[in-house]
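Please keep the sequence and the three-dimensional view at hand while reading.

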Protein chains: 4
Amino acid sequence: MPQPKVRLALFGSGRIGQVHAANIAAHPNVDLVMIADPFIDGARDLADRTNGRAVEDPAEVFAEPDLDGVVIASPTPTHVDLMSRAAAHGLAVLCEKPIDLDIDTVLECRERISSHSVPVMLGFNRRFDPHFASIQAQVEAGAIGTLEQLLITSRDPAPAPREYIAASGGIFRDMTIHDLDMARFFIPDIVEVSAMGANVYSDDIRELNDFDSATITLRGSKGELVTITNSRHCAFGYDQRLEAFGTDGMLSAGNVAKTVVRRYDASGTEEAPPYLPFFLERYAQAYRTELDAFVHCIRTGDPCSPSFDDGVAALILANAAAESATTGRTVAITS
Amino acid sequence: MPQPKVRLALFGSGRIGQVHAANIAAHPNVDLVMIADPFIDGARDLADRTNGRAVEDPAEVFAEPDLDGVVIASPTPTHVDLMSRAAAHGLAVLCEKPIDLDIDTVLECRERISSHSVPVMLGFNRRFDPHFASIQAQVEAGAIGTLEQLLITSRDPAPAPREYIAASGGIFRDMTIHDLDMARFFIPDIVEVSAMGANVYSDDIRELNDFDSATITLRGSKGELVTITNSRHCAFGYDQRLEAFGTDGMLSAGNVAKTVVRRYDASGTEEAPPYLPFFLERYAQAYRTELDAFVHCIRTGDPCSPSFDDGVAALILANAAAESATTGRTVAITS
Amino acid sequence: MPQPKVRLALFGSGRIGQVHAANIAAHPNVDLVMIADPFIDGARDLADRTNGRAVEDPAEVFAEPDLDGVVIASPTPTHVDLMSRAAAHGLAVLCEKPIDLDIDTVLECRERISSHSVPVMLGFNRRFDPHFASIQAQVEAGAIGTLEQLLITSRDPAPAPREYIAASGGIFRDMTIHDLDMARFFIPDIVEVSAMGANVYSDDIRELNDFDSATITLRGSKGELVTITNSRHCAFGYDQRLEAFGTDGMLSAGNVAKTVVRRYDASGTEEAPPYLPFFLERYAQAYRTELDAFVHCIRTGDPCSPSFDDGVAALILANAAAESATTGRTVAITS
Amino acid sequence: MPQPKVRLALFGSGRIGQVHAANIAAHPNVDLVMIADPFIDGARDLADRTNGRAVEDPAEVFAEPDLDGVVIASPTPTHVDLMSRAAAHGLAVLCEKPIDLDIDTVLECRERISSHSVPVMLGFNRRFDPHFASIQAQVEAGAIGTLEQLLITSRDPAPAPREYIAASGGIFRDMTIHDLDMARFFIPDIVEVSAMGANVYSDDIRELNDFDSATITLRGSKGELVTITNSRHCAFGYDQRLEAFGTDGMLSAGNVAKTVVRRYDASGTEEAPPYLPFFLERYAQAYRTELDAFVHCIRTGDPCSPSFDDGVAALILANAAAESATTGRTVAITS
């Protein structure tokens, strides 16, 4: 006999909200009950396409009976409030990163929700990317012996709008944080952070006192070295790669193109097509698998991964990177 | 205002039937109304998972009001009858290949259905594979100048069961026919066929007077040369590749692996994972796009491609290949 | 104590002659004693660069005492005469392909030289290409189980001049013959040949009653199928590839570029540089290794491979291919 | 009329000395006059193979008339003395890195030789690697716009013997120094250095107070970020890669295998052979091109590159890296 469907509400009808809405709507075991957004037109649009109900006020979500959980894809400043209320109502939470840009606010939130034993999952979707997840599983299984070095390359195709950057919390908290979580996916216990930021092409970003490029080095508690290379732009698209180097070998994941077609002509050979343009395409499968994992946690009560604490840890590392980039000193992480 | 959903019935609940059922069920604009199979348990299983209704007798399908079309995924000997009856009832048809193993039967069927102006699409799903389709579109757009040579490699991971092979019509009509259609996707007008079959590993297939391996050469009306390489087995999985060579360059599509992960160790480097195992995985996207195309034809009345006549043409080429492999002579195709 | 150097004379100071001269001059164990060419200026040029002595008349070569062998890189019509005289003088012979375009002349030559037990090696240099040789050695060692299919792609970057083509003996005897020998490197015993030629781009070649493109299928005595794809032009350079497919797997060799550099930009990714332009570059190492093998045979008396008989066999296959392309019939090879 | 040959003497008959000896002996325009080594048997062995004369005492080299230059491949502690004496004798110098492990000694040496205007080239051979050199030339020519990030991966296949490590000056001065020079090949003006060293697998190296792994970050004067990843071991061979990322795209050079053969079987696909095992194989062409460049400088008087000052600069960066790895602070480089 089939299980009853998991009933979810969604906060936010923006770019990420739309991804979640589509995935929930297509999921055979989940019902998208409600979409809440003060920008009600966005919510209605989405509701039309997914059989959900559009509401303006989050309170309507929390008043809904028989809801199992919420997906929080609204703007960052709303995360802590919505997460806290959801937890208080006994609802499972899948919250987009970051929890908040301020570590104290995040820690208070943790305090508040810890009394409610609801599943809380952080939206570090890249852990569910089939390529990176395959490497992580193989490393975990000992396929390359002891992990010694991890290299993460992560470049956005083009900078977000100036207003976005201005409110983003800076490259480390906004962009690197994904890579920091990826580092922790392989090496949960990071003990040192060193970072260098640079301004090599964007006057806008410089004026905002942010970096357009950065290199971050981490040390794991067993001596592992992690290198993260970031840029806010990339002429050949979204550059998302990873190499795990161990005593017995290396596993790497290159970029993903739309097709495996290669072109050969007088100017060059074996040319692959442009890569998938940005995260919506590159991590489309990751978002679907993330939803599966969330549904699994709701049904089984298994602990969520990535957890709230993974969100905390990534923010602490991002803050350390920002500090190191300013002071020129390696920052020790105390757990 | 959204259009009403296209209402389809499905014949056959076997391996391919299940693919179609899942795709139809997941399609936002299509309803799977009925699944017909004399093996009613299979139909019921499928119906349970897809909201369709299971029926034993095809007559129930033809009695159903407001049906838009049928997908025929039942055994080959039933194709002509079901297609003819569907056309007579004004239903659009998407029929798995082959129409029939006997060319006279196929031509009679064509005669019969031609009076009914219903959309008929042949299930040469590989035309919808994103990799091959991208090459075909680029070639069509002149990206490599004039097409001169086409190389198709097509190897199954392992032979079908002996009973399947025995009833298959032989390697050319059963397996090569897909590659012959792929050749015609690029070069519709084929004028000569030459083939060599071989028995290099399977006693079973030899005993059935069939080949386990084959090489087929085609000539297009503009002098293009096409080479098809077939084997009924392949140690490294499902081998599906294509190269289009023209005056200005070449486009190729290699195989597709589950991930882009590469492994490096003392025994070798840059090792990719095994390829997607067989057609259900390799052509999963192609089946979905094929369904989209069928729905589009039903809604717009646009001509179907691949058409019934494409099915006829591929069978004629397969018969010519079989004849050439027996006589050692090149067979001319008269259109 | 080091062995005395092997003393060689060279016939022909053209393109291939220059390759051999440079390799002999650079070889630590070989002396280039003489370079013979009726076009004496060419011989002198080469002699200046290599310490050899330039002579006009072949007779001077055969009068030279203490010579160990000759390398014949003069025009094809001189091969049989020079080879016969060299053998009569007890000189080892490395002769560029083809021995002659006429099979009867070749067979008479065989008769004549067989009484002299001198080492005779045919210049099928591709057998010494490190990539193809590695595959052949692995196949021989059972690395892919039983060899079932062999695919050879061989395209020249651009057609030779009209006069060359006119005297070449046609695509099968001039160009395909290398690929036929490559087929025999893996599968010495070929029993059937089928070929299709085409004229798709060169009016010059058409007027000469030759083909500019061809596909050749061979059957080995154990049922192996070989496919050769030829073109007299190739927009992306010299296309020389090989795939060996067996019961347990496949080994392939792609093309070779000057560097392993890859380019990524907005128009495409992972683009490799153009391939090595033609045989002088692509088979530079093969020519050197061929010379090593010839020197080894001279010193040890080990049988040469490829041998005179390999030259005969390749010509027989080329003739069969030409016949098949004309008649449309598979030609049986009787050994 | 050909120019007279360049006459060189070689100091040192060890591993690198043998490479230089073989290249000089094979060079059409160079004579290897003498090989000096107090370990006279090594010098004699080499002399036998190359027509040079073996001597024990360096003084014999400096007494030789008509010498054009020397190649210094003797142990590091002899470099400064030999280089100074050679310069004083008006001999051109190609000296293996490092000049010396002590920066003061190096600077004194610079003082001493600067009065003699002889060509001095430092043996940073990787600048002559065809793959890296091609990228550098393309970057210089603007092929990727403005250079923003440079990633260098450099891992030895296995640690040198304990005694070698003990005398090596540590990973930064011994191993990273090559990568630091490579960084300067692209970005001559480095202004900041940050480094993290680690001990993840070798107890030997730990006991010697050295690191077995390291990550180094550099900042160029225009804000460019350079990342160097080092390990003293690598299960899959010698790992030497480079990526140059700019505003308009990226150029990368992967590793080099002995052949382009790929293997496909049930366990994996597209597997390349092991990479060239170590620097003698990987940089064989680089050593030859380096010699060409040295000969060119001797003949033309063109300034050498890499120069003595490049050797100084690389040592300064290596010292800064060592300091940063100890203090956890970014070190500023003042030029």
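Over the face of which residue does Arg155(A) lie? Arg155(A) lies over the face of Phe245(D), and the distance to the ring centre is 3.7 Å. The model described here is a predicted one. The points below are grouped by topic, beginning with the relation between chains.

**Aromatic rings**

- Over all chains, the whole structure contains 40 aromatic pairs. One of them is formed by Phe236(A) and Tyr275(A), which are edge-to-face, with 6.1 Å from centre to centre and 70 degrees between the planes.
- This pair links distant parts of the chain, 39 residues apart. Phe236(A) belongs to the loop between β10 (225–231) and β11 (239–246) of chain A, while Tyr275(A) belongs to the loop between β14 (268–271) and α10 (279–282) of chain A. Phe236(A) and Tyr275(A) are both buried.
- Tyr238(A) and Tyr283(A) have ring centres 6.0 Å apart and planes at 85 degrees; the pair is therefore edge-to-face, as the angle is over 60 degrees.
- Tyr238(A) is in the loop between β10 and β11 of chain A, and Tyr283(A) is in the loop between α10 and α11 (284–300) of chain A, so the pair ties together parts that are 45 residues apart in sequence. Tyr238(A) and Tyr283(A) are buried.
- Tyr238(A) and Tyr283(A) also belong to a cluster linked by ring pairs, together with Phe132(A), Phe278(A) and Phe279(A).

**Helix α6 of chain C**

- Helix α6 of chain C covers residues 130–140, and its buried residues are His131(C), Phe132(C), Ser134(C), Ile135(C), Gln136(C) and Val139(C).
- The elements covering these buried residues include β7 (147–155), α8 (171–186), β11 (239–246), β12 (249–253) and α10 (279–282) of chain C. The cover also includes β13 (261–265) of chain D.
- Just after α6(C), Gly142(C) has a positive phi of about 85 degrees.

**A histidine in chain A**

- Is His79(A) buried or exposed? The relative accessible area of His79(A) is 1%, which is under 20%, so the residue counts as buried.
- His79(A) is part of helix α4 (residues 79–88) of chain A. The side chain of His79(A) reaches the backbone oxygen of Pro98(A) at 2.7 Å.
- Apart from neighbours within four places in sequence, His79(A) is in contact with Ile72(A), Ser74(A), Cys95(A), Glu96(A), Lys97(A), Pro98(A) and Ile99(A).

**Cysteines**

- How many disulfides does the structure hold over all chains? The number of disulfides is 0.
- Cys234(B) is buried, at a relative accessible area of 3%. Cys234(D) is also counted as buried, at 4% relative accessibility.

Methods
Residues are numbered from 1 along each chain as its sequence is written. Chains are lettered from A and ligands numbered from 1 in the order in which they are written. This is a predicted model: local features need pLDDT of at least 70, side-chain atom pairs count only at pLDDT 80 or more; totals for chains, interfaces and linings use all residues. Side-chain values use heavy atoms; hydrogens and water are left out. A disulfide is a pair of cysteine sulfur atoms within 2.5 Å. Buried means under 20% relative accessible area, exposed over 50%, partly exposed in between (1.4 Å probe, protein chains only). Rings of Phe, Tyr and Trp (its six-membered ring) pair if their centres lie within 6.5 Å; planes under 30 degrees apart count as stacked, over 60 as edge-to-face and the rest as tilted. Helices (H or I, at least four residues) and strands (E, at least two) are DSSP runs, numbered from the N terminus. A charge sits over a ring if NZ of Lys or CZ of Arg is within 6 Å of the ring centre and within 35 degrees of the ring normal. Contact means heavy atoms within 4.5 Å. A polar contact is a pair of N or O atoms within 3.5 Å; within protein, one must be able to donate a hydrogen and the other to accept it, and residues adjacent in sequence count only if both atoms are side-chain atoms.
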